[in-house]
Amino acid sequence: MNRLSQSVEILRKANHLITLTGAGISKESNVPTFRGKDGMWRQYNAMDLATPQAFNKNPTLVWEWYSWRQNLISKCQPNPAHLTLAKWEEQGFLKTLITQNVDGLHRTAGSTKILEVHGNIWMIKCTECAYKSQLTSPATGIPPCPECGAQLRPDVVWFGESLPQQVMGQVLKEIELADAIIVIGTSALVQPSASFPLLVKQKGGHVIEVNVETTSLTPIANVHLQGKAGVLLPQIDQLLRIK
Ligand code: OAD
């Protein structure tokens, strides 16, 4: 049996399928990944752009980088991988989508049961008060809080910060229920997300990995599908429909 058929077999038997996605799923939508050949962390230093310390030191630089990414993302559309996951949710087949991505493309594709563990690039919060809001267009300069006048920041998780507690609670509940997880386009180098598939596996669930390369998760995956998410996900979908 080939690997695609093995995945389909696992997926057909799954009662509670969840997914974990990373930057690789948006690569075919032209959103740059973080690591690898053209990855953003090759070009930019994460410590200068994505930490609370970096923001305190130079909020203008940090906002410039986020505005640049907001501009870039605003021109991107979901690809067939995002669309397949949205369709699986609509069919009741995919129960929850956990994503490390902040680009919002899963929502644009139509998914609704999304747990954004690293936040969302369009959300903003005040550095002083409880104000939170959503941007409708890319930010310019350092936006001020309309309630207290302090600096607003992107509502994303930076290095050294904890994941949103409520979201993490929901993630752990989903992992408890899951008997299969499909892990798409993540290097599995950032914790705690990298551990989610291991937790599913430890309780007897199946792990399917979709990635253009192998990762530290590949040895524990029941099936590793090597290739582009935007090609493989529709292929799986097509095979699932053939009885
Ligand atoms: P990475 O950039 O670390 O990894 C992207 C993964 O996607 C790699 O394993 C690639 O091989 C794979 N990939 C690339 N193109 C693909 C394609 N077309 N189809 C399938 N796979 C493909 O991105 P993440 O693992 O998401 O965090 O990174 C995790 C976190 O590190 C990010 O959320 C971000 C970053 O620092 C924060 O900013 C807090």
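Predicted model: local features only at pLDDT ≥ 70, side-chain atom pairs only at ≥ 80, totals over all residues.
A residue counts as buried here when its relative accessible area is under 20%.

Start with the overall build. The chain has 10 helices and nine strands. A compact globule with 243 residues would have a radius of gyration near 18 Å, and the chain has 18 Å, so the two agree. Looking at contacts with a separation of 6 or more, 65% come from residues 24 or more positions apart. Here are some whole-chain values:

| Property of the chain | Value |
|---|---|
| Accessible surface | about 11900 Å² |
| Share of that surface from carbon and sulfur atoms | 51% |
| Distance between mean positions of the 23 positive and 19 negative charges | 5 Å |

Now for the inside. In soluble globular proteins, nonpolar side chains tend to be buried together. The largest nonpolar core has 28 residues here, and Trp63, Tyr66 and Trp158 touch the most other members. Two or more residues each come from helix 2 (40-43), helix 3 (46-49), helix 4 (52-57), helix 5 (59-74), strand 4 (119-126) and strand 6 (152-156). Helix 5 is the top contributor, giving five residues.

What does Trp158 touch, leaving aside residues up to four places away in sequence? Its partners are Leu49, Ala50, Thr51, Pro52, Phe55, Val62, Tyr66 and Arg153. There's also a second, separate core of 26 residues, with Ile10, Ala81, Ile208 and Ile236 among them.

Technical notes:
Residues numbered from 1 in each chain as written. Heavy atoms only, no water. Core = buried A, V, L, I, M, F, W, Y, C linked by side-chain atoms within 4.5 Å. Buried < 20%, exposed > 50% of the residue type's maximum accessible area, 1.4 Å probe, protein only. Helix = DSSP H or I, 4+ residues; strand = E, 2+ residues; numbered from the N terminus. Contact = heavy atoms within 4.5 Å. Rg over C-alpha atoms; globule rule 2.2 N^0.38 Å. Areas by Shrake-Rupley, 256 points an atom, 1.4 Å probe, with all protein chains shown as cover. Lys, Arg positive; Asp, Glu negative; His and termini not counted. Charge placed at Lys NZ, Arg CZ, Asp CG, Glu CD.
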